[in-house]
Amino acid sequence: MGTALIYDDEMTKYKLLWVDPACKIEVPERLTVSHEALVRTGLADRCVSVPVREATDAEILLAHSEEYLEAVKKTPYMSLEDLMEFTRQYGDVYFHPNIYHCAKLAAGAALQLVDSVMTGKVRNGMTLVRPPGHHSMRSAANGFCVFNNVAIAARYAKQKYGVQRVLIVDWDIHHGQGVQYCFEDDPSVLYFSWHRYEHQKFWPHLRNSDYDIVGKEKGAGFNINVPWNKVGMENGDYLSVFCHVLLPVAYEFCPDLVLVCAGFDSAIGDPEGEMCATPDVFAHLTHLLMNLAGGKLCAVLEGGYNLTSLAQSVCQTVQTLLGDPVPRPASLNSPCISALESLQCVRSAHKAYWSCLKHAADLPTSTISTKRIKLREGEETTEKGGEEEKDAEEKVWPEPPKRVTPPVCAALVLPDDVACPEGCERFSFSEDLDPLLASKLRESFLRDADDSTALITISSLIALTEKMEKNEICSGLALVRDVTKAMTSIVQHVTTVLSNRVLVVCVGDGNVPSHITEDRETLVVQMGSAQTDEQSCKYYIRVCLKKGCSDTSGFVQAVFGLLLPLGYEYDPSLVVLVRMPDSGVSDSLWQQLTGLLQSFALGHTLVLLQEEEKALVGLTASSLLGNPAPSLKQLQAPLTEDVEALERLRHRLQADWKLLQTTAPQTQ
Ligand SMILES: CC(O)(O)CCCCCNCCCN
Ligand SMILES: [Zn+2]
């Protein structure tokens, strides 16, 4: 299934008609540069084009009051003076004779996107709209927003499609207070927002934007605010919050639909956000959400005011929705102290509501920057002033890397009697084997030297890793007699001959030859149940789950709390995913893991299965082809001893692996 793109240039036909420094950044060109970039890069043509429509009154009333709608209805007929007068009652927003029409189109576009996804016409999609929506409230326009596009879409999805649980991820750099107010007592809508806050010194200066505002009554726990109390946050800060807050909670919540308030003012160069995360980070944020809700993801444009980073970020998002491999996470820095404080505060504030956070650390005590510095009367605020605006030093950043999709998406090394699934290519090393390599393989890996099938299989795997290195093949899968031997020979070859970093993920117990972790070019993470005396070391990390990999919630904890942060920090050029015999991992969890690991190494994932498990070839291949994994059930609490063991392991390892940190260093 494809990706919907919804855009109509009618929404460019309104603009600021008077002088207002607070609103001058919200210009029609935001939409035209975004759409033109999608056209220029060929991404628009790869999408399913879906027309916009006007939201009806009834649909708008899903999130707004009648008096507000009636008032807005009058604006098309207002004089300039009346429009200015009408605008004065609201904050940081402007009206125009055509904005009511555009606001109906923006809301209608979001509903068209929900329809396209919920009816299965497409898998996911994005709509480019203005005016944005996440600040508008039941009876008030605010922050360039007139109707709350995403809030209306969430209510619409529940009403029309019986959706039980909606996750709203708001990665715009401003707090979508309109969305928060709409759902704060509603446990069926989980709202997550990060936002520039600077201890309430940044617009909209709301006490309700802080981390301790978790929702009300039945909705307690279903509102997650991550305040950024400093500017300059980078990719590592964003990805840490996804791995240590959003994703564990999102998987526990188990939504039927994911809506994204896709604002790109959180990217580098934006005058509002003043952050330093690069546009390619949105490829990762999108990818990390794509295995939730069976892949049903609707991205709705919110903010983004630097026309260069906006266009690049939009392209990164749409290209990921289309299933292209995500770029490698360029040398991530560890999260900054302020981000760690926010991370610790949010996890602490929500530990009562989410079993995945039950063992999170308490609020930081001594750190100064978590104390809310009350906004004393007249104290200076931090956002840009008006005319006296200093020209922010022009930020420069590298163009996001070209994301080439290899000609072959998935190559499979299979015995002749095993069918090759649709969309994959059978791969076997045909040319006569290099005699030197053959003898080396024979002597080091094969028991009985004349075991020609095993020799063919191993040499096929070696050839496969070479083609992945050249980006001729994206991912691979092999049925082998002995996964440990196959893994060893692959790691040996890739680290010595190709001298690249390999991340090996072993699912299930079984001995992993320790020598492959001595070269520092290999990171092995093994998830199993065996209690071993041997301690984990920096490059060989063992996650022990009491009930082994059959314990889905413990396994998911380990994936987000440990495996993904390690993978992001290690940034391998190849991921080898090994399913050890009798791992006990469920099929849907196996597919989730196969999907998530494609965050790394440009999607170069090589999966090794014991040949007895040929029944898994089809569903593994499906995940390698980028099909969303089936949704896991709602997760019950992980075992206490498992979570405590994971916390201990993380504490021990975080000295070596900075992205494992979830708390700020204690200041004396
Ligand atoms: C959709 C959105 O969240 O991007 C809207 C942001 C509104 C910002 C209002 N304050 C602007 C102050 C100008 N320096
Ligand atoms: Zn914004």
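Which residues are linked in a network of salt bridges with Glu10? Asp9, Glu10 and Lys13 form such a network, a salt bridge being a side-chain nitrogen of Lys or Arg within 4 Å of a carboxyl oxygen of Asp or Glu.

## Basis of the model

This is a predicted model, in which local features need pLDDT of at least 70 and side-chain atom pairs count only at pLDDT 80 or more, while totals for chains, interfaces and linings use all residues. Residues are numbered from 1 along each chain as its sequence is written, chains are lettered from A and ligands numbered from 1 in the order in which they are written, and side-chain values use heavy atoms, with hydrogens and water left out.

## Zinc site

The zinc ion (ligand 2) is coordinated at 2.0 to 2.6 Å by Asp172 (OD), Asp172 (OD), His174 (ND1) and Asp265 (OD). Donors are N, O and S atoms within 2.8 Å of the metal (3.2 Å for Na, K and Ca); water is not among the atoms, so sites may look incomplete. The angles subtended by the 6 donor atoms around the zinc ion (ligand 2) run from 55 to 159 degrees, and the arrangement is therefore irregular. Under the rule applied, four donors count as tetrahedral if all angles lie between 85 and 135 degrees; four count as square planar and six as octahedral if opposite donors are over 155 degrees apart and all others between 65 and 115; anything else is irregular. For reference, ideal angles at a metal are 90 or 180 degrees for six octahedral donors and 109.5 degrees for four tetrahedral ones.

The donor residues of the zinc ion (ligand 2) follow the sequence spacing D-x1-H-x90-D. Distant parts of the chain are linked here: histidine 174 belongs to the loop between β4 (166-170) and α8 (177-183), and aspartate 265, 91 residues apart from it, to the loop between β7 (257-262) and α10 (281-289). Helices (H or I, at least four residues) and strands (E, at least two) are DSSP runs, numbered from the N terminus. Histidine 174 and aspartate 265 are both buried, where buried means under 20% relative accessible area, exposed over 50%, and partly exposed in between (1.4 Å probe, protein chains only).

## Surroundings of ligand 1

Ligand 1 is surrounded by 16 residues, the closest being Asp92, His134, His135, Glu272 and Tyr305; a residue is near if one of its heavy atoms lies within 4 Å. Histidine 134 places a polar side-chain atom 2.7 Å from an oxygen atom of ligand 1. For histidine 135, a side-chain N or O atom is 2.7 Å from an oxygen atom of ligand 1. Histidine 174 has a side-chain N or O atom 3.2 Å from an oxygen atom of ligand 1. Of the 430 Å² of accessible area that ligand 1 has on its own, the protein covers 97%.

## Salt bridges

The count comes to 25 salt bridges. One of them joins arginine 88 to glutamate 85, with the closest N and O atoms 3.4 Å apart. These two residues are 3 residues apart in helix α5 (residues 80-88), and so are separated by about one helical turn. Arginine 88 is exposed at 58% relative accessible area, whereas glutamate 85 is partly exposed at 47%.

Glutamate 274 and arginine 196 meet in a salt bridge of 2.9 Å, N to O. Because glutamate 274 lies in the loop between β7 and α10 and arginine 196 in strand β5 (residues 189-196), the pair ties together parts 78 residues apart in sequence. Arginine 196 is buried, with a relative accessible area of 3%, and glutamate 274 is partly exposed, with 27%.

Technical notes. A polar contact is a pair of N or O atoms within 3.5 Å; within protein, one must be able to donate a hydrogen and the other to accept it, and residues adjacent in sequence count only if both atoms are side-chain atoms. Accessible areas come from the Shrake-Rupley method with a 1.4 Å probe; for residues, only the protein chains shown count as cover.
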